[in-house]
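Thanks for coming, everyone. Let me put the structure up, and then we'll walk through a few of its contacts.

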Amino acid sequence: MTAVPVLVTGLAVRSGTFAPVTRFDVSNRQAVVAATQPGDPDLAGQLAEVLTEVGVQGSPVLLALHGDERARPITAGLAARFGVDPRVYTGACVAASTAVADAAALIAAGRAERLVVAAGYLVEPDTFAVFDAGRALSRSGVLRPFSRGRDGLLLGDAVVALALEAGPAAGRSALARITGWGRAGDGYHVCRPDPSGAGLARAIRAALDRAGVGAAQVGWLNANGTGSPIGDAAEAAALALAFGEQLAELPVSSTKSLHGHALEASALLELAVTIDVLAEGKVPVNAGWLGPDEQCRLNVVVDAPRTLAAPHLLTVNSAFGGANTALLVGAP
Amino acid sequence: MVELARAAWPEPGDTELPRLAGFTVSSFNPLVAETADRCLTRWHGAAPLGAVGRTALVLVSSSGDVGTARAIAGAVADGRRVPPLLFFQSNPNAVLGHLAARWLLTGPVLALGSGGEPVGLAEAELLLSGGEADLVLLVAAEQATADGESDHATAVLLAPAH
């Protein structure tokens, strides 16, 4: 059976900009910077806003959130307001991309006509504190993916909703098409990535194979690139496995360097940015660059935006537990 | 789908969850690990296995890891030092990483926060029918959140029907 095309037909985004944290007290923390929106926004309220913008319209909602006791009143409130009980994804930094992969799989198999994927994370004191205690946050206050001197991630706000519908695109208003998806586990460690990158490479190959797209047809890769010393090196190894000699030609940026790491919502924000890049035809820079690192031999976009030279864009994410995802985006 | 093996916590004779090295404070991760280990052992025998194809891990929990979340929130509220170990277990993927490494499982790793075993079964069916996994280990776990409740979990190993 031929798979049904999966179209992105609506998108709504809230995200932040890097600044010293004022939303809560960070005087006892080693790190002090995050990408936040002004003031103290409300997660439930912003999720309702972005869901309203894309229109739920009775469609099933797949929602990526941090899975703690604060999530339950949020999901209950959204269920009451929109009349749809969300399916909740809590799998850390691949929660939202897992939801997108599920939505795409359901549509491609002809099991759903329209689905809404949403995700939200707003920088808050508990996660900031435990990431600071775990030495995961950049103490220099700059997120430098794949760069010499990188010293960790910076958290960021993101609240995003995206509508996915069954194609074809003819006569429809669509922003992009999800042409491939892949997910695979490292089978390696509780939280450290497999330094060989084998799991992420398998996720990438699965996404490309599903779409029938060759490595040379990928015009840009929005990397996971958290700025973690070991995480970025493992990702570079994965890209070498997945792309081989073609890797030298592949422009790579991690847009976390521009909007921070929004944890459960990060993959949906990065997919939204990737869809924007497709529309604009310009590949964004990987900010925070100090110089190349021998462990990350990539064609990193560092000085200025580049013109998109091939029609498919790939966005990848990795998480604790060795979870990896890859989403391939093309024109509708 | 066909069910290859099933396990639960508690089962008759169970009293106290075994400790899980590397995890602290909360019973959530020992609960998931013990139930999953029982299920995998009933089908495969003792770990480690070597390559067994792509087994996906799907964890469904509405409660999530209440113990770890409350420990972090309590330390922050009281201005106490947050134990660094809590960073590593601050999301449900961590215990799945433990299981994947112990059993050499390389399929997709998913954590869901609603719907219990029925939603997990639907997810498993989607992964198997779409060719994304050869087997799925589904764990549905709920941690006690109030007096009078008790931790409980089920684990089921699933394969395609054909």
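The contact between the chains takes 41 residues from chain A and 41 residues from chain B; two residues are in contact if their C-beta atoms, placed from the backbone, lie within 7 Å. Which element gives chain A's side its largest share? That is α4(A), with six residues. By class, chain A's side has 21 nonpolar, 13 polar and seven charged residues. Here Ala, Val, Leu, Ile, Met, Phe, Trp, Tyr, Cys and Pro count as nonpolar, Asp, Glu, Lys and Arg as charged, and the others, Gly among them, as polar.

A word on the source. This is a predicted model: local features need pLDDT of at least 70, side-chain atom pairs count only at pLDDT 80 or more, and totals for chains, interfaces and linings use all residues. Residues are numbered from 1 along each chain as its sequence is written, with chains lettered from A and ligands numbered from 1 in the order in which they are written.

Now helix α2 of chain B, residues 66-78. Helices are DSSP runs of H or I, at least four residues, and strands are runs of E, at least two, numbered from the N terminus. Which residues of α2(B) are buried? They are Val66(B), Gly67(B), Thr68(B), Ala69(B), Ala71(B), Ile72(B) and Val76(B). Buried means that 20 or more other C-beta atoms lie within 10 Å of the residue's own, with C-beta atoms placed from the backbone. These residues pack against α4 of chain A, together with α1 and α3 of chain B. Just after the helix, Gly79(B) takes a positive phi of about 70°.

Technical notes:
Expected span 1.5 Å × (residues − 1). Buried ≥ 20, exposed ≤ 12 C-beta atoms within 10 Å, placed from the backbone.
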